Each structure stands twice: as structure tokens, then as C-alpha cells.
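Trainee: Could we go through this model together, one question at a time?

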Amino acid sequence: MADDASRQYLTLTLGGERFALESSAIAEVLDTLPVTWVPFSPEHLRGVVNLRGNAASVVDLRRKLELGETDAAASCLVVVERDFAGETLAIAALADAVHEVVEIADRDIAPPPDMGLSVPARFVKGLARLHDAFVMVLDADRLFSLEELAARQRP
């Protein structure tokens, strides 16, 4: 029964909002590392970091999710591994904070509302109630797709 399926999610904070990413997409969580700026890259790509001798693109999730700027500095990198044309590449996503890993049943994820989301709906799988609040469950496949990583922010 698909309704009984549940998955584990890492919860994180971005710009004061609470989000969840499926744990199976996450390779590791690291403290922030020095970022080397890459000229002419989209605004949401901060540059690259040295991840054990390999370059990993750094995505500013606050910018990608159009959450605006805050005074708070990102405290960690959530390293996501994606398969691009048969090659596994690491992408490091800046997060304000990471919290806990939680289990959420598929049936407990409601579709995203048609309006009222603080982020672009195309990146949201749905909303899940966690403790006394809702978290936005992000769609890692869309958020970290090659098309989205290369796309310029919309005006």
C-alpha cells in the first residue's frame, strides 16, 4: 500500500522558514567552507567549494527560493548528490541551520496550496504538519535539476 509509505526528511531553516528535504538525496551536512566565486554565474550560485579535492557548486537556497536577503549568515552546507548524464555530482546548498531528521508518511504531505506560498510552488512537493507547525517539503529533483541550477532568477 503506497499510502502507508513514509520517508525520512532532514529539516532545515532558510530565511526564518522551515523546510524539509528527503534524506535519501543528502550525502552529508558540513560547516560552511570558503567559497570561490565564479564570474558570470546565476545569482543563486555563489561559486564552488573544495569538497575533498572535487569542486562542488554552491547554491544559495534563500536566493533560489526567492526568500530575500537576511542578516543571518548561512551556518552549514547541505551536500546533495545528483546524477547528471550518468555522472554523480555534489551540490552544496547553503542553509541557515539544519535541525532533525523526521519521518513523514506520504499520506501526511498535502499538495501545495495554489496561492500563499512564500517560495515558488514549482519547488514544493507539499506541506506536512510537524509538531505544531507546517514545513514545506522541497522537491530536490526540481530544485537541483540542471535546468534550474543554470537558470537566471526571474525578475
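Mentor: Two strands pair if DSSP finds at least two bridges between them, and strands (E, at least two residues) are DSSP runs numbered from the N terminus. This is a predicted model, in which local features need pLDDT of at least 70 and side-chain atom pairs count only at pLDDT 80 or more, while totals for chains, interfaces and linings use all residues. Residues are numbered from 1 along each chain as its sequence is written, and side-chain values use heavy atoms, with hydrogens and water left out.

Trainee: Which residue in β7 is the bridge partner of V58?

Mentor: Strand β5 (residues 54-60) pairs with β4 (residues 45-51) in the antiparallel sense over 6 bridges, and there V58 stands opposite G47. Strand β5 is also joined by 4 bridges to β7 (residues 87-95), and these two run parallel. In β7, the bridge partner of V58 is A92.

Trainee: Which residue in the turn between β4 and β5 has a positive phi?

Mentor: These two strands form a hairpin with 2 residues between them. The positive phi, of about 55 degrees, belongs to R52.

Trainee: Is V79 buried or exposed?

Mentor: V79 lies in strand β6 (residues 76-84), and its contacts (heavy atoms within 4.5 Å), leaving aside neighbours within four places in sequence, include L51, A90, I91 and A92. Buried means under 20% relative accessible area and exposed over 50%, with partly exposed in between (1.4 Å probe, protein chains only). Because its relative accessibility is 1%, V79 counts as buried.
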